[in-house]
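Please keep the sequence and the coordinates at hand while reading.

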Amino acid sequence: MKIRNLTADTLKDVIAMKVDLWQEELNNRFEHTLDYNEEYNFWADWMKNAEAHNDVRTLLGAFDQEILTGSVFASFAEVDDALNAVEINGLWVKKTYRGRQIGLKLLREVLLKYHSLNCDKVIIYNHKYALSNAL
């Protein structure tokens with residue numbers, strides 16, 4: 001498995017995965033759906049405009065050969081949340097690849113990068129009902 005930066009093309013696969021996993025992320029408590037095009041446009045714009053916001057934005061994918069298995073998005077946290085902090089904006093692992101520490105490997109890459117940028121805190125937001133809160 002290799003972890004590498006996302007491109008515009010691989011971002012498309014990540015957004016498809018995010019949309020697919022959305023109801024699981026909400027623990028099936030809501031019937032809200034995500035629009036693929038809206039999500040892709042938002043994150044593609046977010047990826048391109050880091051400099052305009054004095055930010056470092058990281059979008060990584062984990063790949064088994066050329067198959068996307070998971071992804072993590074991160075950026076500097078808002079100063080109102082914490083000084084010198086990284087914010088995990090999203091973390092997804094395909095169901096068939098879970099239990100292989102892919103999420104941990106992705107988080108490790110992000111945390112090492114932001115630690116080198118003097119971040120010493122991590123901010124993670126999650127839905128109240130998300131199953132991942134147990135982790």
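Strand β2 (residues 58-64) and strand β3 pair in the antiparallel sense over 7 bridges; two strands are said to pair if DSSP finds at least two bridges between them. The model is a predicted one, in which local features need pLDDT of at least 70 and side-chain atom pairs count only at pLDDT 80 or more, while totals for chains, interfaces and linings use all residues. Residues are numbered from 1 along each chain as its sequence is written, and side-chain values use heavy atoms, with hydrogens and water left out.

On the side of β2, strand β1 (residues 2-5) is joined to β2 by 4 bridges, and the two run antiparallel. Asn5 stands opposite Leu60 in β2. On the side of β3, strand β4 (residues 85-93) pairs with β3 in the antiparallel sense over 7 bridges. Here Phe76 stands opposite Val86 in β4.

How are these strands placed within the whole protein? From the N terminus on, the elements run β-α-α-β-β-β-α-β, which amounts to 3 helices and 5 strands. In this scheme helices (H or I, at least four residues) and strands (E, at least two) are DSSP runs, numbered from the N terminus.

The overall dimensions can be stated next. The C-alpha trace spans about 35 × 35 × 30 Å along its principal axes. With 135 residues, a compact globule would have a radius of gyration near 14 Å, and the 15 Å of the protein agrees with this; the radius is taken over C-alpha atoms, and the globule rule is 2.2 Å times the number of residues to the power 0.38. Of the contacts with a separation of 6 or more, 62% are accounted for by residues 24 or more positions apart, a contact meaning heavy atoms within 4.5 Å.

Of the 135 residues, 39% count as buried, where buried means under 20% relative accessible area, exposed over 50%, and partly exposed in between (1.4 Å probe, protein chains only). In β2, 6 of the 7 residues are buried, so this strand is largely enclosed by the rest of the structure. Strand β3 (residues 67-76) is mostly covered as well, with 8 of its 10 residues buried.

Val72 lies in β3 and is buried, with a relative accessible area of 0%. Leaving aside residues up to four places away in sequence, Val72 touches Thr58, Leu59, Leu60, Ile88, Gly90, Leu91, Leu106, Leu107 and Val110. Val72 and Arg100 are 28 residues apart in sequence, and their C-alpha atoms are 15 Å apart in space.

A buried position is also found in a helix. Ala44 belongs to helix α2 (residues 36-48), and its relative accessible area of 9% makes Ala44 buried. Ala44 and Gly90 are 46 residues apart in sequence and 14 Å apart in space, C-alpha to C-alpha.

Most residues other than glycine have a negative phi. Asn84, in the loop between β3 and β4, has a positive phi near 55°. Its relative accessible area of 47% makes Asn84 partly exposed. Asn118 lies in the loop between α3 (102-115) and β5 (121-124). Although Asn118 is not a glycine, its phi is positive, at about 70°, and with 62% relative accessibility Asn118 counts as exposed.

The mean positions of the 16 positive and 20 negative charges are 7 Å apart. Lys and Arg count as positive and Asp and Glu as negative, while His and the chain ends are not counted; the place of a charge is taken as NZ of Lys, CZ of Arg, CG of Asp or CD of Glu.
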